[in-house]
Number of protein chains: 2
Amino acid sequence: MHQISTASYDPIVMERFFNPSSVVVVGVSRMTGEGSFNILENLIAFGYRGRLYGVNPKATEILGVPCFPRAQDLPEVPDLAVITVPREIVPQVIRDCCEKGIRLFILVTQGLAEADERGAVLQAEFMAELRRHGARLIGPNTLGTVNVFDSFSSSFMPITRKEPLGSAIICQTGLFLATDLGPTTGLGKGVDVGNQADIGFPECLRYLGDDPRVEVVALHMEGLRPGEGREFVRVAREVTARKPVLVYKTARSVVGAEAAGSHSGSLAGSDVVYQAAFDEAGVIRLADVDDLDDSVKAFLHLPPMRGRRVAVISASGGGGIMAADACEDYGLELARFSPETMKGLRELYPSWMEPGNPLDVWPASIGKLYPPVFQTCFELVASDPNVDGILCIGGAFTLAGLDVGDFVVLAAETRRDKPIVWWLQGRKAVSIAARVEASRKCAVYPSADRAVRALARLARYHVDVKGRNEEPLLRPEGLPPAPEAAASPATSAVDPAGPAVGGGVDGAAAGFRLLESYGIPVARWATAATPEEAATAAGRLGFPVVLKAAGPPALHKTELGAVRLGLGTPEAVVEAGRDIVTRVGHLGLGGVGLLVQEYLPDGHEVIVGSRRDPHFGPTVLFGLGGIFTEVLKDVAVALAPVGPAQAGVLVRKTRGHAVLEGARGREPADLEALVDLIVRFSWLVTDHPEIAEIDLNPVKVFAAGRGCAAVDARVLPG
Amino acid sequence: MHQISTASYDPIVMERFFNPSSVVVVGVSRMTGEGSFNILENLIAFGYRGRLYGVNPKATEILGVPCFPRAQDLPEVPDLAVITVPREIVPQVIRDCCEKGIRLFILVTQGLAEADERGAVLQAEFMAELRRHGARLIGPNTLGTVNVFDSFSSSFMPITRKEPLGSAIICQTGLFLATDLGPTTGLGKGVDVGNQADIGFPECLRYLGDDPRVEVVALHMEGLRPGEGREFVRVAREVTARKPVLVYKTARSVVGAEAAGSHSGSLAGSDVVYQAAFDEAGVIRLADVDDLDDSVKAFLHLPPMRGRRVAVISASGGGGIMAADACEDYGLELARFSPETMKGLRELYPSWMEPGNPLDVWPASIGKLYPPVFQTCFELVASDPNVDGILCIGGAFTLAGLDVGDFVVLAAETRRDKPIVWWLQGRKAVSIAARVEASRKCAVYPSADRAVRALARLARYHVDVKGRNEEPLLRPEGLPPAPEAAASPATSAVDPAGPAVGGGVDGAAAGFRLLESYGIPVARWATAATPEEAATAAGRLGFPVVLKAAGPPALHKTELGAVRLGLGTPEAVVEAGRDIVTRVGHLGLGGVGLLVQEYLPDGHEVIVGSRRDPHFGPTVLFGLGGIFTEVLKDVAVALAPVGPAQAGVLVRKTRGHAVLEGARGREPADLEALVDLIVRFSWLVTDHPEIAEIDLNPVKVFAAGRGCAAVDARVLPG
């Protein structure tokens, strides 16, 4: 797999990738002009002020830039080489550059490890070369970096330089860099990480998180590299404590994930685990490119949204209703105006209309000039302490000498404590939007839905992410020592080479003992080699009991009739045991062991499980049993380990959790015990990287105060 | 409630509302210029060519238009009066106009029945006047009509006249008419139905459906009027057979519905029933105003989408992945290219890249001129019979003399058999989009998501709506005669004045007999006045039995312990009966009857119910029992009656239906019998308008071939 080198993050290296003092373009074309995709030409047009060189065996000078046949011939060692040569000669070119002393590379070339076997061989070759010299690389298959602040761009697509803004993007397609900087709001810095042979999201995010000129970081992510998920979460958590990080995650569909494999070589992985990771990191997920534009703009231009209470001031009753719908969709509330606000508003309205929120301004304007009435309504509402953010809906025009655009700016300037968004309509909307957004005081959107969504993104960041309470992630009492603290790794329970835990009598016993060693309650149990031994064991446990085959984990015990519930006598146990041995014996899977357990007919059945995710490592999954998981796929996932608060959130994320809280007239379940079990289980899977999959299915959760118990455990080593 | 007059649809009346030969504006202002909202001024500016008059007691002429103190003084009887006077004098003004002989009114004034008691009184007064004269009205609270074809507009907001397009809108806010005609694509005709005191959606839709110049009708709907839902569905079904009808339904949230009540007086009603009605009518639901713009544009400019197979041709691998995600979101598929297409593509691509869909064009362009390569790819894919629609993603620029805009138009012109949509990026995107959309050959969108969604709307119409198979809606055999055919209405089962069916022994019996008269299987039953009678009846039915209180419908029998299952002996029945009588008797609800039923322990529990919707009348609801309905609200709704195909769709719409088809190792249920029960039940509720609510809960559905049976019925008269 890829070599992850985020541990080797070096701020000076990253800064040079975005702001090199000297650059050589290897493979620079002699063609110039539109359609030539000439990197040198673009760099010059972008206003780059450092020293420039070209490597081209057929030219001594291109566009006034001195060119040389080989890197070795350069008069100095440039900070950065941008390489755009056919794939077959990439290893040789990188070798030449490394020998010259160059240590930073942007590799534009496509057709490497993402493409075919030959590409993978070539990539392995140049990666070995880079490692030998401690050199670093962005790409392959990349447009590289753009730095509007310092006038550097390695893009082969021409980019028009505009004023730098406090937004940055890390993407996996040149599209966001090449098309006049993606988000229509403009950009400060951007990097296309391409196929991430070396530098990936975590290092770039750390760099942009540390840049004081960058106020908001957007990510376009097809996929992280396997194994770097936790590093990404760690870095993103640090950055989101200081500034918002937004992610447009693509390749979330089955077909999209397949396409990503051939495009950037990304293994998309499980979208639900990505979502858990984003939640954990405080990274705000966006729906599409409109959302990317809209949200970046909101974070650049608007003050914090300190609550979820929105006031809607609308010149159109119908527009107000659209906004109300959108508030419900995006988890915002319509503010309840204070008595003072209501008093002021009532004076403006005709007797037949009680003002409300959404506030339809038109009836208040009958027989009066509309703009001053709108402005008075705005002042009243904007001063209301029950209002956290304001959406104004209105036509963009000049009325009786009052220009709506002037008013929009004025309103924003005098109210910098709350975000104000506008849905402006009409022929002047575009020009007014351009004017007010240039003022950086408010943001204009093309619909109520998108304006409300932008406010919701602000609230998500300022209320949820910035306001998050850190739950100290403590190991619960009674756990075995953490692996790093233990003398030898606690891997004795699971032997990757041998049968899985739960496979055979020894495996079943080992699995239950592992659970018990983490303080996870297990239905009382005993193993038995024969039906008669099982009957004796049942006598010790107390009747009635459950009898099961202790078969391989893949065995579908229930379907085979190899689980018998509620056996009340020794004779019944012997008879059932013989039948199970016969049924399972027929399968030719070797000796059949038996497992005797106390019979627990009551309680809710839930599933607590874990998969080791290739990107994010151990996860913990929760779902109610039966149709909830099997038919409705109603499960929730978090990264392991979790604390009690996170475990509680995990349970409440399932649609079916109401059942545990006493829906349908049943007694509420012992959620406290369930949460404790999930927490302990999450530490178990964290401590045991040799476990690829483990399911406690079912866990029985009894009525409040009566605890819970794992009844069956299925473990697959990785 | 409102007087619905859709039955009185008159095409000549509707045409005059949109294209009057002569118009009087009553209450015209002497103020003119920006901010005056002068209807006369707007009408003149819009190029109206008919005869114009004003009524204003203080002017004899405004903007060259002759004005008179009262309607009676007009020199002719105008086709239409546009009224914009304070609410208190609306009845008098309408009386004057009616006496003059005017029969059509657009009433701009706000503050009528939607506002307060006084407004309702005023509205009742002028509505009575209108009815007396057979006059018709659009509004109140409306901008009225806009007709770009014939240069008429009653809007008080100035509207810039553009070239007419084949799109029409019926809305409940002036916003779509006032802001340069709402959908950015332009408009042909539009009407703001306002508060629908008289003319509403069905008449307007019928009129626009019949207009050959109108190719697509968009609706912005807060709510229909109570009672007109079926008329709307009937009209919409007719129109959607000829041209697409799109709806942006607002007031779908709780807060939005509340706001709509005070804005347009609309009772929003149940969104799920609206959805059922739209499905039934073939009306395509849109998400927001972007969707409205995008979809109208697609239907105006693009040829039919005859399947769901999309080809994505992209200059960016990353963009292709976004498109793949969007295809999954919107129910489209990525086309599998034919062997011929693949052969042609392979010749263009480097050996290391196997072309696919999404087709990333960039690797094929390495070392070549990109535009001709894109064009060749396009030609191959566009000719592929496996492709129903094409999304192109690319930068909008001029390259080596080839302008992408030229190519976009050329591609569309030579390929009129399939819809082609573009996501164009870059600084020239806006101008190229304007150019190619003026050519009316393809449509340009600002993201892959929105381009794919537009294709999905086309496929929804051309595949699903146009291609729908009409299921003949036949009364199943064995039903009682339809009410209109029967000598007296079949209302004997339910007496609205008396206790509900299911209330008391007589009610319970009547309810079951009503079900049986529709051929709906019911668990075998008998009523009993005493526990001893119940034991005798149980002997006749055969043990074991179920015993229940035959109480009022609101009685929570299960919670009260007034339901006993599986009673095996006469003694058990007597004992249980006495206990039930004691428990229920304590409630003081009068005499307690008993119901004895055969005990049916097996089978899936489902719920089949019905509510009489205020807008759409009888509905039929289906859901699986237990947690599916009570916790997950997993139910589906259709308008009654339904045929077998519709009933099958209803069942399959629930998330839990997989349980009935044999999920979790259970036997598949008798879906055929369930469908037959739903069909019969849907006719029952259709025939019995006196039933407000009825629930069969549970219906037991047995294994395939073994039928189903209603076990309990709860009926509430309306």
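In chain A, helix H7 meets helix H9 through A:Phe232, A:Val233, A:Ala236, A:Arg237 and A:Thr240 on the H7(A) side and A:Ala277, A:Phe278, A:Glu280 and A:Ala281 on the H9(A) side, where contact means heavy atoms within 4.5 Å. Keep in mind that this is a predicted model, with local features needing pLDDT of at least 70 and side-chain atom pairs pLDDT 80 or more, while totals for chains, interfaces and linings use all residues. Residues are numbered from 1 along each chain as written, chains are lettered from A in the order written, and side-chain values use heavy atoms, leaving out hydrogens and water.

**Helix packing**

- H7 (residues 229–240) and H9 (residues 271–281) of chain A pack at about 35 degrees with axes 8 Å apart; helices here are DSSP runs of H or I with at least four residues, strands are E runs of at least two, and both are numbered from the N terminus.
- Axes are lines fitted to C-alpha atoms, for helices over the stretch in contact, and angles run from 0 to 180 degrees between N-to-C directions.
- That H7(A)–H9(A) contact splits into six nonpolar, one polar and two charged residues (nonpolar: Ala, Val, Leu, Ile, Met, Phe, Trp, Tyr, Cys and Pro; charged: Asp, Glu, Lys and Arg; polar: the others, Gly among them).
- Over in chain B, the axes of H10 (residues 289–301) and H17 (residues 448–465) come within 9 Å and cross at roughly 60 degrees.
- That makes H10(B) oblique to H17(B) (under 35 degrees is roughly parallel, over 145 roughly antiparallel, 65 to 115 roughly perpendicular, and the rest oblique).
- Residues in this contact include B:Asp290, B:Asp294 and B:Phe299 of H10(B), and B:Arg450, B:Arg457 and B:Tyr461 of H17(B).
- By class, the H10(B)–H17(B) contact has five nonpolar, two polar and six charged residues.

**Chain B with chain A**

- Each side gets its own count: 74 residues from chain B and 74 residues from chain A.
- The two chains bury about 6100 Å² between them, 64% of it on carbon and sulfur atoms; buried area is the accessible area (1.4 Å probe) lost on putting the two parts together, summed over both.
- The rule finds six salt bridges across this interface (a side-chain nitrogen of Lys or Arg within 4 Å of a carboxyl oxygen of Asp or Glu).
- B:Asp325 forms a salt bridge with A:Arg252, with the closest N and O atoms 3.9 Å apart.

**Backbone details in chain A**

- A cis peptide bond joins A:Gly139 and A:Pro140, with omega about 0 degrees, and A:Pro140 lies in the loop between strands S7 (136–138) and S8 (144–147).
- The bond from A:Ala640 to A:Pro641 is cis too, with omega near 0 degrees.
- A:Gln196 is not a glycine, yet has a positive phi of about 55 degrees.
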